[in-house]
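This briefing looks at how one chain is built and how it meets its partner. Please keep the sequence and the structure at hand while reading.

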Amino acid sequence: MVLILEFLTQATWSPYVAGAGIGILVCLAFLLSNRPIGCSSGFVKAGGLIEKAISPAYAGKKEYFGEIVPEIDWAFMLIPGIVIGAFISSMLSGQFQFILVPEMWSATFGTNPVLRVLVAILGGLFLGFGARWAGGCTSGHGISGSIQLSLASMITAVCFFAGGVGMAMFLFYVIGGA
Amino acid sequence: MGALFTGIHKDRGLQVILGLLFGIAFGFLLQKGGVTSYNVIIEQLLLTNFTVMKVMLSAVIVGMIGLALLKHFGYVQMHPASGTIGSNVIGGLIFGFGFALLGYCPGTVAGAIGTGAIDALIGGVVGILIGIAIFVELYPRIRTHFLGKCPFPAVTVQELIRLNLWLTIVLMEAVMIGFLLMLEYLGY
C-alpha cells in the first residue's frame with residue numbers, strides 16, 4: 001500500500017512505464033469503447049457546440065459538422081478528463097504550479113506574457129487546423145494509429161515531428177539566436 | 001464476451017462516462033511521463049531530450065502486441081484509416097509547425113492546463129478552436145483540392161510489405177526497441 005502511494009506521488013515515472021501504461025489504455029479503449037484514443041476530435045466537438053450556441057442555423061450548414069457531430073460524447077469528455085487526470089497527478093506529486101511563460105520560452109524570448117500568449121494562439125491555430133487536415137493528432141495518429149499498424153498514421157507522425165523539429169529549430173536557433 | 005462488449009459500446013450514457021475516465025487515466029499518465037511540460041516537448045523538438053519519443057514508442061510497443069492479441073481472440077476490431085499525401089503529409093507538416101510554436105499538442109495542451117499552465121489555456125486552446133473553425137469553413141474546398149490527392153499504396157504496414165500480421169509486428173517491434181536502445185546507448 002505504501003509502495004503504491006509512493007509510486008503515485010512520484011514527480012515523474014520512467015517514460016517507458018508511463019508509455020507502456022498508455023499502450024495498455026489504448027487497448028482498453030478498443031475493448032470497452034471500440035475506438036482509438038484521439039484528442040483533436042474532442043476540440044472539433046467543443047468548437048461546434050460553441051458555434052451551435054451562437055448560431056444554430058449557421059453551424060447546421062457546415063458540412064464538416066455532419067462528419068464530426070458536435071455533441072457531448074466519449075471524444076468530447078476525453079478532454080476534460082485529461083485536464084482532471086493531469087491535475088490529480090501534479091497535485092499528488094506537489095508539482096502543480098500556475099505558469100504563464102514557460103522556462104524554455106523565457107530563456108530565449110524573455111518573460112513578456114503577451115508575446116508568449118500571441119505565439120501560443122498562433123501555434124494552436126496551426127495545430128488545430130493541421131490536426132483536422134491530417135485527420136488526427138499525436139494521440140490519434142501517432143499512438144493509436146501506429147498501434148493498428150496504419151501506414152497513414154505512421155507517415156503522419158513522422159510529418160508531425162519533421163514539421164515540429166524544423167519550426168522549433170527555426171524559432172529557437174534562427175529567430176531566437178540561442 | 002463479444003456480445004457483452006457490443007452492449008457496452010452501444011450504451012451512449014456509459015460511453016460518455018468512459019470517455020471521462022479514459023481521459024483521467026490518460027492525463028494522469030501524460031503528466032507522470034513528463035510530457036505535459038512545455039520544456040520537455042520543446043527539448044524533444046530541438047532533439048536534446050527524447051522523453052516524448054520514449055513515451056510514444058513504448059506506448060506503441062506495448063499497444064501493438066496487446067491490440068493484436070485482443071484481435072486474435074476476437075475481442076476487438078481495428079479501424080486503420082487509409083491516407084494520402086494531400087491529407088496526411090500536408091496536414092502533418094502544418095500540425096508540426098503548430099506543435100513547435102505552441103509547445104503542446106491537443107492531448108498534452110489539456111494535460112498542461114491540469115498542471116497549471118495558463119499559456120496552454122488562454123493561448124493553446126483558444127488557438128486550436130480558431131484553427132478548427134477556419135478548417136470547418138474551408139473544409140469543402142480543402143477536401144476537393146487536397147485531401148484525396150496521391151493516396152498511399154496500402155492501408156497497413158503488413159499490406160505494404162506483403163507480410164503476415166505477426167511477422168510484421170515482430171519486425172516493427174525490433175525496429176522500435178532497437179531505436180530506444182540506440183537512444184539509451186547514445187546517452188539521451
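Predicted model: local features only at pLDDT ≥ 70, side-chain atom pairs only at ≥ 80, totals over all residues.

Helix axes are here lines fitted to C-alpha atoms over the stretch in contact, and the angles run from 0 to 180 degrees between N-to-C directions.

**A helix pair across the two chains**
- The axes of helix 9 (residues 138-147) of chain A and helix 4 (residues 51-72) of chain B come within 7 Å of each other and cross at roughly 30°.
- Because angles under 35 degrees count as roughly parallel, helix 9 of chain A is roughly parallel to helix 4 of chain B.
- The crossing of helix 9 of chain A and helix 4 of chain B is right-handed.
- Helix 9 of chain A contributes A:Gly142, A:Ile143, A:Ser146 and A:Ile147 to the contact, while helix 4 of chain B contributes B:Met56, B:Ala59, B:Val60, B:Gly63, B:Met64 and B:Leu67.
- Seven of the residues in this contact are nonpolar and three are polar, with no charged residue taking part.

**The whole interface**
- In chain B, 109 residues are in contact with 107 residues of chain A.
- Helix 7 (residues 118-147) of chain B supplies the largest share of the side of chain B that touches chain A, namely 20 residues.
- That side of chain B comprises 69 nonpolar, 36 polar and four charged residues.

**Chain B on its own**
- Chain B has nine helices and zero strands, and its C-alpha atoms fill a box of roughly 45 × 45 × 40 Å along the principal axes.
- Of the 188 residues of chain B, 48% count as buried.
- Among the contacts in chain B between residues at least 6 apart in sequence, 60% join residues at least 24 apart.

Methods. Residues numbered from 1 in each chain as written. Chains lettered and ligands numbered in written order. Helix = DSSP H or I, 4+ residues; strand = E, 2+ residues; numbered from the N terminus. Buried ≥ 20, exposed ≤ 12 C-beta atoms within 10 Å, placed from the backbone. Contact = placed C-beta atoms within 7 Å. Nonpolar A, V, L, I, M, F, W, Y, C, P; charged D, E, K, R; others polar. Parallel < 35°, antiparallel > 145°, perpendicular 65-115°, else oblique. Left-handed = near helix turned anticlockwise from the far one by under 90°.
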